[in-house]
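Subject: Structure handover

Hello,

Here is the structure I said I would pass on. My notes on it follow below.

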Amino acid sequence: MPTYEFRCEKCNRVSSIFASVEERPVAITCSHCDSNDTHGIVSRANVVLSSKSKVERLDPKYDKMVDSAMKKNPKADPDRLLRKMRDPATGRPDE
């Protein structure tokens, strides 16, 4: 559901409402001062980022911090569990 935002002419504060596209409100009552003198405004869109895109936006200095943390503590290495895994083609030791 989209979020519709309205600015109050009386108190100049923004109120938000969730509504379907078919039931889009033209004006609402201000949730702060109960005035009916509101007008719709254009708000920023919400974007859901994937983990990969979040990592790409990180500052490069954090890579150095992660590398130094992994050198200090072997349990901080994310690949440590992958190195412990056996070849799946060999099966379990008890089989």
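Where is the place of L58? L58 sits in the loop between α1 (51–56) and α2 (61–72). Please keep in mind that this is a predicted model.

Surface patch

L58 belongs to a nonpolar patch on the surface, together with V55, Y62 and M65. The accessible area of these four residues together is about 390 Å².

Largest pocket

The volume of the largest pocket is about 280 Å³. Its lining is made of T3, Y4, E5, F6, R24, P25, G40, I41, V42, S43, R44 and N46. Sorted by class, five of the lining residues are nonpolar, four are polar and three are charged.

Which strand gives the most to this lining? That is β1, with four residues. Both β1 (3–8) and β3 (38–41) supply at least two residues each.

Strand β3

H39 is a residue of strand β3. Its relative accessible area is 33%, and therefore H39 is partly exposed. In space, the C-alpha atoms of H39 and A27 are 6.0 Å apart, while in sequence the two residues are 12 residues apart.

Positive phi angles

Most residues other than glycine have a negative phi.

N12 is not a glycine, yet its phi is positive, at about 65°. N12 is located in the loop between β1 and β2 (14–18). Is N12 buried or exposed? With a relative accessible area of 51%, N12 is exposed, because the exposed class takes in values over 50%.

D34 is a residue other than glycine as well, and its phi has a positive value near 65°. The loop between β2 and β3 is where D34 is found. D34 has a relative accessible area of 60%, so it is exposed.

To recap, the points to look up in the viewer are the nonpolar patch of V55, L58, Y62 and M65, the largest pocket with its lining from β1 and β3 among others, the pair H39 and A27, and the positive phi values of N12 and D34.

Regards

Conventions:
Residues are numbered from 1 along each chain as its sequence is written. This is a predicted model: local features need pLDDT of at least 70, side-chain atom pairs count only at pLDDT 80 or more; totals for chains, interfaces and linings use all residues. Side-chain values use heavy atoms; hydrogens and water are left out. Patches are made of residues with over 30% relative accessible area and no salt bridge: like charges are joined within 9 Å, nonpolar side chains (Val, Leu, Ile, Met, Phe, Trp, Tyr) within 5 Å. Accessible areas come from the Shrake-Rupley method with a 1.4 Å probe; for residues, only the protein chains shown count as cover. A salt bridge is a side-chain nitrogen of Lys or Arg within 4 Å of a carboxyl oxygen of Asp or Glu. On a 1 Å grid over the protein atoms alone, a cavity is a set of points where a 1.4 Å probe fits but cannot get out, and a pocket is an open set with protein on both sides within 12 Å along at least five of seven lines; lining residues have an atom within 4 Å of a point. Grid points are joined across faces, edges and corners, and a volume is the space filled by probe spheres set on the points. Ala, Val, Leu, Ile, Met, Phe, Trp, Tyr, Cys and Pro count as nonpolar, Asp, Glu, Lys and Arg as charged, and the others, Gly among them, as polar. Buried means under 20% relative accessible area, exposed over 50%, partly exposed in between (1.4 Å probe, protein chains only).
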